[in-house]
Amino acid sequence: MAIYLSGSERATVEFAKKYAASLSAGDVVLLQGDLGAGKTVFCKGLALGLGIKDEIVSPTYAYMNDYSGKLYHYDCYRLSSGAEAEKLGLTDYFGGKGVCVIEWAENIADVLPKGCKRVTIKKISSVNREIICE
């Protein structure tokens, strides 16, 4: 487990960019944190670390954004079960050629693959974050 203290949005992006180097195709990262904690900011850094130049936006209404098959960014906030995720085809990307990053993964816990990585972002103040990587 690693703990990183971020003092700015930019620092969070830079940390996530470095963290991306530890990821491989097929990895599933569970990204945890309250609303406004910085999960999408972290995902922006991951994308940069994976060589993705596209603008990263929250997939709240789309459930999942596909960034060139390298990164799949999920938001499962509005799902109530793994069965819903399966019905939408979201589980089809697990173990594939890209990295899956899932926000609100607890809502689909029953269909998550074994061996998921976990990143928790805790809001310490308006700018400071504690990032825990497991």
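Predicted model: local features only at pLDDT ≥ 70, side-chain atom pairs only at ≥ 80, totals over all residues.
Me: Why are H1 and H2 called oblique to each other?

Reply: H1 (residues 9-19) and H2 (residues 39-49) pack at about 45°, with 7 Å between their axes. The axes are lines fitted to C-alpha atoms, for helices over the stretch in contact, and angles run from 0 to 180 degrees between N-to-C directions. Roughly parallel is under 35 degrees, roughly antiparallel over 145 and roughly perpendicular 65 to 115, with the rest oblique. The value of about 45° falls in that remainder, and H1 and H2 are therefore oblique to each other.

Me: Which residues of H1 meet H2?

Reply: On the H1 side they are Glu-9, Thr-12, Val-13, Phe-15, Ala-16, Lys-17 and Tyr-19. They meet Val-41, Phe-42, Gly-45, Leu-46, Leu-48 and Gly-49 in H2. This contact (heavy atoms within 4.5 Å) is made by eight nonpolar, three polar and two charged residues.

Me: Why are S1 and S3 said to stand at the edges?

Reply: The seven strands form an open sheet with mixed pairing, in the order S1-S7-S6-S2-S5-S4-S3. S1 and S3 (64-67) each have a single partner strand, so one side of each is left without a neighbour in the sheet. Neighbouring strands are turned by 15° against each other on average, direction ignored. H1 packs on this sheet, touching S1, S2, S6 and S7, and its direction makes about 10° with that of S7.

Me: How do you know that S2 and S4 are joined to S5?

Reply: Pairing takes at least two bridges found by DSSP between two strands. S2 (residues 28-32) has four bridges to S5, running parallel, and S4 (residues 71-75) has five to S5, also running parallel. With these counts both pairs pass the cut-off of at least two, so they count as paired. As examples, Leu-31 has Glu-103 in S5 as its bridge partner, while Tyr-74 stands opposite Ile-102 in S5. S3 and S4 are joined by four bridges and run antiparallel, with Met-64 opposite Tyr-74 in S4.

Me: How do you know that both faces of S5 are covered?

Reply: Five of the five residues of S5 (residues 99-103) are buried. Val-99, Val-101 and Glu-103 lie on one side, with Cys-100 and Ile-102 on the other.

Me: Is His-73 buried or exposed?

Reply: His-73, in strand S4, has a relative accessible area of 0% and is therefore buried. Leaving aside neighbours within four places in sequence, its contacts include Thr-40, Cys-43, Ile-56, Tyr-63, Met-64, Val-101 and Glu-103.

Me: Why does Ser-68 count as exposed?

Reply: Ser-68 has 60% relative accessibility, which is over the 50% cut-off, so it counts as exposed. Ser-68 lies in the loop between S3 and S4, and its phi near 55° is a positive value in a residue other than glycine. Tyr-63, in the loop between H2 and S3, also has a positive phi, near 75°, without being glycine.

How values were computed: Residues numbered from 1 in each chain as written. Heavy atoms only, no water. Nonpolar A, V, L, I, M, F, W, Y, C, P; charged D, E, K, R; others polar. Buried < 20%, exposed > 50% of the residue type's maximum accessible area, 1.4 Å probe, protein only.
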